Amino acid sequence: MKDIDLEAFRPVAFPEIGPDKTFNANFCRNPMCPNFGPAADLDDYADRYSVVRDDVIRTDRRYVCKTCRLSSRLLSNESLHAAYVWFKRQSIPFATCPAEGCGNAGVNVFEHWGPDRYWYDNRNRSDIVRCVKCGTRFSIGQALRLHGDRADPKGMERRLTAIFKHVRLGLGLRTSIALLEDPAVSEPTYLRAVERLSCKMLDY
Ligand SMILES: [Zn+2]
Ligand SMILES: [Zn+2]
C-alpha cells in the first residue's frame, strides 16, 4: 500500500468525545470478519487491506479487506472529525481551553466539567472557568437574558430577524429601535440581541 493511502488509516485525536480518545473510520465493515474493528497499528492496517481506485468516482479510493474481500470507500478521518465538531457546535453549547497544545484543547467544558478538567475560578463571576491542565482562565459566555414570552412564543425570533435585517441595511441603533415599534425592545435588549446574532454568525 502507498504511504499516502496508509495515512488515511491513521487514527485522529478526538478530544471532543473524551480525553486521549482517537478515531479511525476505515476498517472492514463486515462484522463476521476477523478484521472488523480497529487494528493495532498502521503496519497491521497495511497487512489487512489493499487500496484501489473507485471504478465510478475516479478521484475516490476504496480499501479491500484481504480476508473477506469486502470493499468500502476510503474516508478522511480529518474531515469526519471536522464535520462532527461542526454539528456538535450547532446542537449544544461549546467552549474549550483556548491554549494551543493543551491537553484540554477541543474538550468541551459543558460535557467534561470536573476538578481534573475544568473548574470554577472566580466567586464573583460564574462565567470564568479555569483549565485545570494548563491554568488558563477564560470566559464561557454569560446568559444574554433574552427571555421568551409565553403570550408571544415567536416574538424573540421575530425581533432577532428584524434586527438582523436592520443591521445588514446599516441602520443605527436608535433608528432600528424606532422602526421596530416594539415596547419589549429597549437599548440593552437590542444590544444583547446583536450579541446573540454575532455568536450565531461565528458558529456558521
Ligand atoms: Zn473483512
Ligand atoms: Zn488548557
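Which residues make up the largest nonpolar core? In this predicted model, the largest nonpolar core consists of Phe-9, Cys-28, Tyr-45, Tyr-49, Tyr-63 and Cys-65, six residues in all.

## Overall form

The protein contains six helices and eight strands. Read from the N terminus, the order of these elements is α-β-β-α-β-β-β-α-β-β-β-α-α-α. The C-alpha atoms fill a box of roughly 70 × 45 × 30 Å along the principal axes.

The radius of gyration of the protein is 24 Å, whereas a compact globule of 204 residues would have one near 17 Å. Buried residues account for 11% of the 204 residues. Of the contacts between residues at least 6 apart in sequence, 45% join residues at least 24 apart.

## Domains

The domain assignment divides the protein into domain 1 (3-79), domain 2 (92-139) and domain 3 (155-203). Between the C-alpha centres of domain 2 and domain 3 the distance is 31 Å.

One pair of residues gives a further distance within the model. Ser-50 and Cys-97 are separated by 47 residues in sequence, and their C-alpha atoms lie 40 Å apart in space.

## The sheet β3-β4-β5

Three strands form an open sheet in the order β3-β4-β5, with antiparallel pairing. Strands β3 and β5 are the edge strands, each pairing on one side only. From one strand to the next, the twist averages 30°.

Strand β3 (residues 49-53) and strand β4 (residues 61-65) run antiparallel and are joined by five bridges. Within this pairing, Val-52 stands opposite Arg-62 of β4. On the β5 side, three bridges join β4 to strand β5 (residues 71-73), again in the antiparallel sense. Arg-62 stands opposite Arg-73 in β5, and Val-64 has Ser-71 of β5 as its bridge partner. Strands β4 and β5 form a hairpin with five residues between them, and Arg-69 in the turn has a positive phi of about 70°.

When neighbours within four places in sequence are left aside, Tyr-49 is in contact with Tyr-63, Val-64, Cys-65 and Lys-66. In soluble globular proteins, nonpolar side chains tend to be buried together.

Ser-50 is also found in strand β3. Why does Ser-50 count as partly exposed? Ser-50 is placed in that class because it has 13 C-beta neighbours inside 10 Å; a residue is buried with 20 or more such neighbours and exposed with 12 or fewer. With neighbours within four places in sequence left aside, the contacts of Ser-50 are Met-1, Tyr-63, Val-64 and Lys-66.

## The sheet β6-β7-β8

A further open sheet of three strands has the order β6-β7-β8, and its pairing is antiparallel. Its edge strands are β6 and β8, each of which pairs on one side only. Neighbouring strands of this sheet are turned by 40° against each other on average, direction ignored.

Strand β6 (residues 118-120) is joined to β7 by three bridges, the two running antiparallel. The bridge partner of Trp-119 in β7 is Arg-130. Strand β7 also pairs with strand β8 (residues 137-139) in the antiparallel sense over three bridges, with Phe-138 in β8 as the bridge partner of Val-129. The hairpin of β7 and β8 has five residues between the strands, and Gly-135 takes a positive phi near 85° there.

## The two faces of β7

In a regular strand the side chains alternate between the two faces of the sheet. Strand β7 (residues 128-131) has a covered face made of Val-129 and Cys-131. The uncovered face of β7 carries Ile-128 and Arg-130. The bridge partners named above fall on both faces: Val-129, paired with Phe-138 in β8, is on the covered face, while Arg-130, paired with Trp-119, is on the uncovered one.

Terms used. Residues numbered from 1 in each chain as written. Chains lettered and ligands numbered in written order. Predicted model: local features only at pLDDT ≥ 70, side-chain atom pairs only at ≥ 80, totals over all residues. Pairing = 2+ DSSP bridges. Helix = DSSP H or I, 4+ residues; strand = E, 2+ residues; numbered from the N terminus. Core = buried A, V, L, I, M, F, W, Y, C linked by C-beta atoms within 7 Å. Contact = placed C-beta atoms within 7 Å. Rg over C-alpha atoms; globule rule 2.2 N^0.38 Å. Domains from an automatic or database assignment. Axes fitted to C-alpha atoms, helices over the stretch in contact; angles between N-to-C directions.
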